[in-house]
Amino acid sequence: MALVSLKPPLRDLADGRSQVEVEGATVAEIVGTLERTYPRLTGWIRDEHGGVRPHVHLFLNGERAELGAEVSASDRLHVLPAISGGALGTAVAEEEELLATDPAEHEELLVGTRKGLFVLRGRKGGPMQEVERMFSGQVVEFAIRDPRTGTYFASVTHGQHGPRLFFADDPTGEWEQASGPAFPDDAEWTLERIWNVTPGVEPGVVWAGVAPAALFRSNDNGCTWDLNRGLWNVPSRKDWQPGAGGMCLNSICPWPGDPDRLLVGISAAGVWVTEDGGETWSWGGNGLVPRYLPEEAREGAITLCVHNVHRAPLEPTTLYLQFHGGVYRSDDQGYHWQDIGTNTGLPADFGFPLVADPNDPDRAYVIPLRGDFDRVTPEGRVRVYATTDRGGSWEALEDGLPQDGAYLTILRQAFGHDGGDPLGLYFGAESGEVFGSADGGRSWNTVAEHLPPVLSVRCSG
């Protein structure tokens, strides 16, 4: 069956469905089947004489199509309104043409902002088009696509009604609210924010990190959620303290191929590791130095403000960590850490975002900020720093990024990758720009401008 894509208002006439699989040998048969299946569509695509309405465009695999065009089972048909002389149709046609001719060069970005979720599509590393904005006026803390199932997740915080998690099969279609995460009655806490959603290892398992710091697990692909009691009941919890962004579980690192092993990062309670699927947890903050504490108070401190942690998938014992003052690497799955941010070429070792290259355990990326006293890019220059030797040295990657008077702030979830080789990299700033690279950071383009403050950036691939 061919796949038919519908945009509003046609989507609303097809029971809210943005994509429909339809049988038919020609475009006319496809449209006829659509009208019989969804009678309210009758007269919206074709007029009373059976012709396509003058302000409706049909695109088959990225090219304008007539009703008599033949359709095969693998084809994709877009039904689009013509706006401003067909500008919208042309833009989407170009996007579909790119996807059809070279899918590896096509990217979809999910950009969470303080004023909604923006879905961007276009050529890898290049300027992209906004194809949808969802949850307008609401804070979208984080959005991600689970590559195992194709399900999209969005963490949405309403200013008056609190946080919710939504999921969808199509980010431009209808979103359904999940049942949770939410604290049970005996926990005596109220959910403040959903920081992170991470696909697990076993089929159906998805993890979520929230504030106040807690880990939730779903066994049904994100529909319902349960509190992880093992981490919730660790004896030291009563002594945990919040960081400036609250007491949040912001990082979740599954171990590829082993569902029993998991690491989480918490601000400000350090790193926690489980090797039995979350039944019991061990503290993993050895080697992290909280320079924000008086020197005499650092020994044995558990108020460790972890900003970001990522695991190297090809070498799961290796993890990279951005600290509240410090960049670190662990070689023993997160129990001990060594400083890779001092005297290694970074202009500052404070920051929030971090990427571990999924194709090379020796490579990682950070975007330094001046410090907690001034959380902007050093010297008014936007630079991504890469290491190819496990943090022994760092190289500035700045080609195409603003280098004069650019005092940007990039938050912890606002830096992501596409998993490709060469690696596609994307990050967004609180000032509303999104930047992208198709060559592992060697060169950069402005992907989008004038968005609301960016909170998260993730590729759908």
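**Salt bridges in the model**

Modeller: This is a predicted model. Within it, a network of salt bridges links Glu 315, Arg 329, Asp 331, Asp 362 and Arg 390.

Biologist: How far apart are the closest N and O atoms of Asp 331 and Arg 329?

Modeller: They are 2.8 Å apart in the salt bridge between Asp 331 and Arg 329.

Biologist: Is Arg 329 buried or exposed? And what about Asp 331?

Modeller: Arg 329 is buried, because its relative accessible area is 9%, under the 20% limit. Asp 331 has 35% relative accessibility and therefore counts as partly exposed.

Biologist: Moving on, how many salt bridges are there in the whole structure?

Modeller: A search of the whole structure gives 21 salt bridges. One of the pairs is Arg 46 with Glu 35, whose side chains meet at 2.8 Å, N to O.

Biologist: Which parts does that pair tie together?

Modeller: Glu 35 belongs to helix 2 (27-37), and Arg 46 lies in the loop between helix 2 and strand 3 (56-60), so the pair ties together parts 11 residues apart in sequence. Arg 46 and Glu 35 are both buried.

Biologist: Which residue forms a salt bridge with Glu 398?

Modeller: Arg 381 does, with the closest N and O atoms 3.0 Å apart. This pair links distant parts of the chain, 17 residues apart: Glu 398 is in the loop between strand 28 (395-397) and strand 29 (415-417), and Arg 381 is in the loop between strand 26 (364-369) and strand 27 (384-387).

Biologist: What is the relative accessibility of Glu 398, and of Arg 381?

Modeller: Glu 398 is at 27% and counts as partly exposed. Arg 381, at 24%, also counts as partly exposed.

Technical notes. Residues are numbered from 1 along each chain as its sequence is written. This is a predicted model: local features need pLDDT of at least 70, side-chain atom pairs count only at pLDDT 80 or more; totals for chains, interfaces and linings use all residues. Side-chain values use heavy atoms; hydrogens and water are left out. A salt bridge is a side-chain nitrogen of Lys or Arg within 4 Å of a carboxyl oxygen of Asp or Glu. Helices (H or I, at least four residues) and strands (E, at least two) are DSSP runs, numbered from the N terminus. Buried means under 20% relative accessible area, exposed over 50%, partly exposed in between (1.4 Å probe, protein chains only).
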